[in-house]
Amino acid sequence: MFYSKNLKKFKQINHCFFTKKGGFSKGIYRSLNCGKGSNDNKKNISKNLALISKKLNVSKKKLFLMHQTHSNKVIVLNKKNTNTKLIKSDAIITKIRKMAVGVLTADCVPIILYDANNQIIGCIHAGWKGAVSGIIENTLIKFKSLNRKNKIFACIGPCIGKKS
């Protein structure tokens with residue numbers, strides 16, 4: 001697991017970036033695969049998600065991942081839509097406490113945003129299509145739509161290696 005030095009100073013949030021290592025998936029999916037849309041064994045995905053939930057100290061029911069669409073669509077997770085089974089977007093933000101939001105990446109860029117003034121957290125899946133079409137800008141606009149007085153900190157997680 002990797003942490004952002006900038007975000008670790010905020011005791012109100014728990015964050016990290018996981019690598020593909022340490023999961024239950026086998027064969028071509030041998031990793032910490034959490035992609036429900038993959039053809040991996042669903043039991044292995046469930047065990048991987050349980051492992052992530054345990055490390056984040058949040059129940060599996062309160063772990064929200066997106067079905068990423070390589071778009072510029074941002075979802076605000078609130079009490080009205082926490083029962084949604086499939087969140088189709090490339091960014092998700094929330095101010096609900098005791099909840100985890102996450103992004104799955106391979107070579108795309110994971111970004112975590114935290115608004116310290118309003119305790120809003122979000123994550124972005126920034127692939128090239130989403131980045132070009134404004135996923136980062138749209139996420140910042142959504143933060144501002146929840147409260148205009150922001151103090152947003154951002155960190156970029158591991159992505160494709162420089163040799164690639």
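**Figure 1. Antiparallel pairing of β5 and β6 in the predicted model.** Seven bridges join β5 and β6 in the antiparallel sense; strands are said to pair if DSSP finds at least two bridges between them. Helices (H or I, at least four residues) and strands (E, at least two) are DSSP runs numbered from the N terminus. This is a predicted model, in which local features need pLDDT of at least 70 and side-chain atom pairs count only at pLDDT 80 or more, whereas totals for chains, interfaces and linings use all residues. Residues are numbered from 1 along each chain as its sequence is written, and side-chain values use heavy atoms, with hydrogens and water left out. Across the pair, Ile-111 stands opposite Ile-124 in β6. Four residues lie between the strands of this hairpin, where Gln-119 takes a positive phi near 50°.

Figure 2. β2 and strand β3 (residues 91–94) run parallel and are joined by four bridges. In this pair, Val-76 stands opposite Ile-93 in β3. β7 pairs with β5 in the antiparallel sense, over five bridges, and Leu-113 stands opposite Ala-154 in β7.

Figure 3. Pro-158 lies in the segment after β7 (152–156). Its relative accessible area is 41%, so Pro-158 is partly exposed. Beyond its neighbours within four places in sequence, Pro-158 is in contact (heavy atoms within 4.5 Å) with Phe-2, Phe-17, Thr-105, Cys-108 and Pro-110. Thr-105 is 53 residues from Pro-158 along the chain, and the C-alpha atoms of the two are separated by 8.9 Å.

**Figure 4. Cysteines without disulfides.** The structure holds zero disulfides, a disulfide being a pair of cysteine sulfur atoms within 2.5 Å. For Cys-108, the nearest cysteine sulfur is that of Cys-159, 8.9 Å away. Cys-108 is buried, with a relative accessible area of 13%. For Cys-123, the nearest cysteine sulfur belongs to Cys-155, at 10 Å. Cys-123 is also buried, with a relative accessible area of 3%.

**Figure 5. Aromatic rings.** Phe-10, Tyr-114 and Phe-153 form one aromatic cluster. The count comes to two aromatic pairs; rings of Phe, Tyr and Trp (its six-membered ring) pair if their centres lie within 6.5 Å, with planes under 30 degrees apart counted as stacked, over 60 as edge-to-face and the rest as tilted. Elsewhere, Lys-8 lies over the face of Tyr-3, at 4.2 Å from the ring centre. A charge sits over a ring if NZ of Lys or CZ of Arg is within 6 Å of the ring centre and within 35 degrees of the ring normal.

Methods:
Buried means under 20% relative accessible area, exposed over 50%, partly exposed in between (1.4 Å probe, protein chains only).
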